[in-house]
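Have a look at the sequence and the fold before we start.

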Amino acid sequence: MGYYRRPNTLSAYSGHNHDPTSKAELVDRIEKVAAQGISTLSDWERNFLGSLRDSAKKWGRLTGKQHDVFQRIERKSNPKHIAARKKWNESFTPDMREKLKFAAEYYKANPPYFGDAAVRILSNPDYMPSEKLYRKMVENKYVQRALSNANEAAKFPPGTMAMVRDSAQVQGRICAHRGQLVMVVECADKVRSATKGSRRLTVLPVGAMETIKTEERFLKKAKV
């Protein structure tokens, strides 16, 4: 349309040769979005539209950045989008909310992806994500693997005797006790990793005086 150009500064539009019809169409479009989204837009979005309308009346065009933000707000205030969002909200189950919370905890423990979304979700138990955000956060293969790990029963409950694997893949302080017996002292309730066998454990090597933190994958059943 005639009211938009990609340059990223308003100085590019500071002449007096704007098409008045295009300017009027732009202002009308902005005001229509503001009216449609009166109950769905945030205070910031409403204020942005007001500022955008004033700029459009003066300059008749939008900068590239303004246009991109405006399009996002326009989609959000579209009646079809609002209806789809309402349908999504009504279909959002308690089980989906639990999975969303799990995904937020996963990304908080494994940055940097979805950091801002994770904070919003964990700080507001009633936070309602968009369908797009939910599917991206929850239905990817990493969170699905982490969910599978979290739902598995602990292999080494507290009080269990286990053997440290005699393998070069054993990591951390426990590697000094490869092939030795340990007693499991503590077992984490939560697992927030996509790595198989990543449940955190606190163990006491036989004959040692200090406990060591490790993971299930570095242990195997003891033959005792």
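Start with Glu216, which counts as buried at 7% relative accessibility. Keep in mind that what you're looking at is a predicted model. The partner of Glu216 is Arg199: the two form a salt bridge, with their closest N and O atoms 3.5 Å apart. This pair ties together distant parts of the chain, since Arg199 sits in the loop between β2 (181-187) and β3 (200-205) and Glu216 in the loop between β4 (212-215) and β5 (219-221), 17 residues apart. Arg199 is buried too, at 6% relative accessibility.

Now hop over to helix α2 (residues 43-59), where Asp43 and Arg46 are 3 residues apart, so about one helical turn separates them. They form a salt bridge as well, and here the closest N and O atoms are 2.5 Å apart. Asp43 is exposed, at 53% relative accessibility, while Arg46 is partly exposed at 31%.

Helix α5 (residues 94-109) holds another pair, Lys99 and Asp95, which are 4 residues apart and so separated by about one helical turn. Their salt bridge has its closest N and O atoms 3.5 Å apart. Both ends are partly exposed: Lys99 has a relative accessible area of 31%, and Asp95 comes in at 46% relative accessibility.

Salt bridges can also join up into a network, and that is how Glu105, Lys190 and Arg192 are linked. How many salt bridges does the model have? The count comes to 15.

Notes:
Residues numbered from 1 in each chain as written. Predicted model: local features only at pLDDT ≥ 70, side-chain atom pairs only at ≥ 80, totals over all residues. Heavy atoms only, no water. Salt bridge = Lys/Arg side-chain N within 4 Å of Asp/Glu carboxyl O. Helix = DSSP H or I, 4+ residues; strand = E, 2+ residues; numbered from the N terminus. Buried < 20%, exposed > 50% of the residue type's maximum accessible area, 1.4 Å probe, protein only.
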